[in-house]
Each structure stands twice: as C-alpha cells, then as structure tokens.
Amino acid sequence: TLKFLGEVENVEVHDICKAMRKVSVDIAPFELQFGGAGGLPGNDRARVIYMGVTDPSNSLTRLVNGLETALADLGYRPESRDYVPHLALGRVRSNSRRAGPELVQALEETSATIVGEMVVDEIQLIGSFLEKQGPSYHVMDSLPLGEPSS
C-alpha cells in the first residue's frame with residue numbers, strides 16, 4: 001500500500017487516477033529487495049507482520065512522497081509519519097497485548113532472511129468492497145511507470 005485513501009466516492013476516482021498518472025510518469029521502473037520479517041510496533045507486541053523492503057534507488061520513497069503531495073491537493077490527508085518501506089503480510093488476531101513466544105521466535109529467526117527481489121513497473125489503484133463473505137479487491141486502474149498512459 002502506497003497510500004490508503006479510505007472511503008472514496010465514485011466521482012473522485014478519475015481525479016485520483018489523474019494524480020497518480022502525473023506522479024508515475026516521472027518515475028522510471030525500479031528494483032526492490034525483500035527480506036527481514038518483523039512485527040509492528042515491535043516483535044513482542046506484534047499487531048502487523050511485515051517483510052522489510054530495501055529501495056536502493058530511493059524510487060519507492062519518491063513515488064510515495066509524490067503521491068502524498070498530489071493527493072493532498074485533492075483533499076486527502078497527508079500521512080503524519082515518515083514513510084518506511086515495508087510489505088505488510090498480515091495482522092495478528094489476539095486479545096493479548098503481547099505476541100506469543102512462538103511468533104516472537106519466528107520473527108527473530110527470520111529477521112535477516114532475504115526473500116527475493118522484483119522490478120516495479122506500474123502502480124495500481126485498488127478498490128476494496130465489503131461484501132457478505134468479506135472484502136473483495138478490484139483493480140480500478142493500472143499506470144505504467146516512466147511513460148505517459150492514456
């Protein structure tokens with residue numbers, strides 16, 4: 001997730017895509033590396049399990065910063081925290097404020113594990129729709145990086 005927008009009216013989607021297009025045209029495709037599992041806010045109190053992301057070109061951070069600015073111009077509230085690249089893998093469901101010892105141990109054992117890499121060559125606007133059986137996710141638009149799109 002580069003930017004969570006929350007509730008969006010259908011009439012706003014066009015302007016959001018236009019803002020995304022404006023930012024994506026200035027960023028060339030780039031490579032990311034994944035590795036080092038962890039928990040947020042910390043391994044012993046993990047609510048979110050994540051995989052670390054290394055952004056050697058700093059392109060992901062530039063992309064996120066550009067989106068923050070472009071979407072703020074549309075009235076979407078900028079994120080108050082600095083962006084830290086990561087890949088959220090899941091949420092921990094527990095009534096306890098402390099992670100179980102098995103989870104803490106697994107996170108510590110995989111904190112240096114390198115998983116792989118990928119080339120990022122597009123960004124997508126994903127819509128989430130609540131249905132009886134749970135949320136469904138749909139690609140509303142795909143925008144290639146580094147080139148104008150129609």
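Asn58 is partly exposed, with a relative accessible area of 40% (buried means under 20%, exposed over 50%, and partly exposed in between, using a 1.4 Å probe and protein chains only). What we're looking at is a predicted model, where local features need pLDDT of at least 70, side-chain atom pairs count only at pLDDT 80 or more, and totals for chains, interfaces and linings use all residues. Residues are numbered from 1 along each chain as its sequence is written, and side-chain values use heavy atoms, with hydrogens and water left out.

Back to Asn58, then. Its phi is positive, about 65°, although Asn58 is not a glycine. You'll find Asn58 in the loop between β2 and α2. Helices and strands here are DSSP runs numbered from the N terminus (H or I over at least four residues for helices, E over at least two for strands).

Pro41 sits in the loop between β1 (30-40) and β2 (48-54).

Now for the helices. Helix α1 (residues 13-24) packs with helix α2 (residues 59-72) at an angle of about 140°, and their axes are 9 Å apart. Those axes are lines fitted to C-alpha atoms, for helices over the stretch in contact, and the angles run from 0 to 180 degrees between N-to-C directions. So α1 and α2 are oblique to each other (under 35 degrees counts as roughly parallel, over 145 as roughly antiparallel, 65 to 115 as roughly perpendicular, and the rest as oblique). On the α1 side, Ile16, Ala19, Met20 and Val23 meet Leu63, Gly66, Leu67, Ala70 and Leu71 of α2, contact meaning heavy atoms within 4.5 Å. The residues of this contact divide into 8 nonpolar, 1 polar and no charged. In that sorting, Ala, Val, Leu, Ile, Met, Phe, Trp, Tyr, Cys and Pro are nonpolar, Asp, Glu, Lys and Arg are charged, and the others, Gly among them, are polar.

On to the strands. Ala88 belongs to strand β3 (residues 86-91). Leaving aside residues up to four places away in sequence, Ala88 touches Val48, Ile49 and Tyr50. The C-alpha atoms of Ala88 and Gly38 are separated by 9.7 Å, with the two residues 50 apart along the chain.

Further along, strand β5 (residues 122-131) and strand β6 (residues 134-144) pair in the antiparallel sense over 10 bridges; pairing requires that DSSP finds at least two bridges between two strands. A hairpin through 2 residues joins β5 to β6, and Glu131 stands opposite Gly134 in β6.
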